[in-house]
Amino acid sequence: MFNTLSSSASRAPGVPETVRALVADDDPTSRLFLVEALRGLGLDACACPDGAAAIALAHDQPFDLLLLDCRMPGAGAEQVLSALRHDPGACSSDCTAVATSAEMDANERERLLAAEFSEVLQKPCSVADLRRILGLVQAGAAAMPLLDDAAALATMGDAGVVVAMRDLLRAELATLYQDLEELREDPGTLAERLHRLRSSCGFCGAAALAAQATVLQRHLKLGHPGSMAPLSRFRKILLATLDALEPAGTV
């Protein structure tokens, strides 16, 4: 039907069907509460008691959300996240990370946010706090096709129009990719570009990229340095979508 139909069944890289969370906390009570609360919210949650175990697990397995205690034996939240962010081979190098602590002053909170934590939770936290955090990652964690032909056709009504729109989207994505590093320094303009991109993705059935744009928009609204944390995954989905949009001949 479309010249990109052969890519329609492909899934976004690193985007699992279920939201997966890793809780790293040396306090058994906090660890139990966080894991059970996340499971109650529908997540696939697992736990570990220290920073070294957290680094090992997040290196080998893909998680969508990390809840990291600030004062764990061996490595606290900052050390764990830094190790993962600087390891391109880590499966969870670009996932959303939240720091947790029973004691938190304003300076420490600001430092954690500057270290690319998306949020900081002071313990004891509530299920409502965790539900709010889940809202930062949930849209991008569902398995979605890079290109959904059926959705695009239902929106546009004509296969030829969809092909033409996807050609325009491919050009838009190429330009956006070139501009990403500059846009990192201008969150307001980036948010505007994401707003327009979501509209284009909707017309073209670019479901996975639209979801990641939504996640990044939500983070940008937080207005702190950690709001750029999802940018790495957004960039990966953008590149994967560009590849899927390359003409593959009529099917």
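## The parallel sheet

In this predicted model, strand S4 (residues 96-101) and S5 run parallel and are joined by four bridges. Two strands count as paired if DSSP finds at least two bridges between them. Helices (H or I, at least four residues) and strands (E, at least two) are DSSP runs, numbered from the N terminus. Within this region, Ser101 stands opposite Gln122 in S5.

The open sheet is built from five strands in the order S2-S1-S3-S4-S5, and the pairing is parallel. Strand S2 (44-48) and S5 stand at the edges with a single partner strand each, so one side of each has no neighbour in the sheet. On average, neighbouring strands of this sheet are turned by 20° against each other, direction ignored. Helix H2 (residues 51-60) packs on the sheet and touches strand S1 (20-24), S2 and strand S3 (65-69); contact means heavy atoms within 4.5 Å. The direction of H2 makes about 165° with that of S1. Axes are lines fitted to C-alpha atoms, for helices over the stretch in contact, and angles run from 0 to 180 degrees between N-to-C directions.

## Basis of the model

Residues are numbered from 1 along each chain as its sequence is written. In this predicted model, local features need pLDDT of at least 70, side-chain atom pairs count only at pLDDT 80 or more, and totals for chains, interfaces and linings use all residues, while side-chain values use heavy atoms, with hydrogens and water left out.

## A cis peptide bond

Most residues other than glycine have a negative phi, and most peptide bonds are trans. Lys123 and Pro124 are joined by a cis peptide bond, with omega about 0°. Pro124 is placed in the loop between strand S5 (119-122) and H5.

## Helix H6 and its partners

The axes of helix H6 (residues 149-156) and helix H7 (residues 159-184) come within 9 Å and cross at roughly 110°. H6 and H7 are therefore roughly perpendicular to each other; angles under 35 degrees count as roughly parallel, over 145 as roughly antiparallel, 65 to 115 as roughly perpendicular and the rest as oblique. On the H6 side, the contact is made by Asp149, Ala152, Leu153 and Met156, and H7 contributes Ala159, Val161, Val162, Met165 and Arg166. These residues divide into seven nonpolar, no polar and two charged. Ala, Val, Leu, Ile, Met, Phe, Trp, Tyr, Cys and Pro count as nonpolar, Asp, Glu, Lys and Arg as charged, and the others, Gly among them, as polar.

With helix H8 (residues 187-204), the axis of H6 comes within 6 Å and crosses at roughly 95°. H6 and H8 are therefore also roughly perpendicular to each other. Ala152, Thr155 and Met156 of H6 meet Gly202, Phe203 and Cys204 of H8. By class, this contact has four nonpolar, two polar and no charged residues.

## Cavity and pocket

On a 1 Å grid over the protein atoms alone, a cavity is a set of points where a 1.4 Å probe fits but cannot get out, and a pocket is an open set with protein on both sides within 12 Å along at least five of seven lines; lining residues have an atom within 4 Å of a point. Grid points are joined across faces, edges and corners, and a volume is the space filled by probe spheres set on the points. The structure holds one cavity of 30 Å³ or more. The largest cavity has about 90 Å³ of space. Its lining has 10 residues, of which Thr96, Val137, Gln212, Val215 and Arg233 lie nearest its centre.

The largest pocket has about 220 Å³ of space. Helix H10 (residues 231-245) gives the largest share of its lining, four residues.
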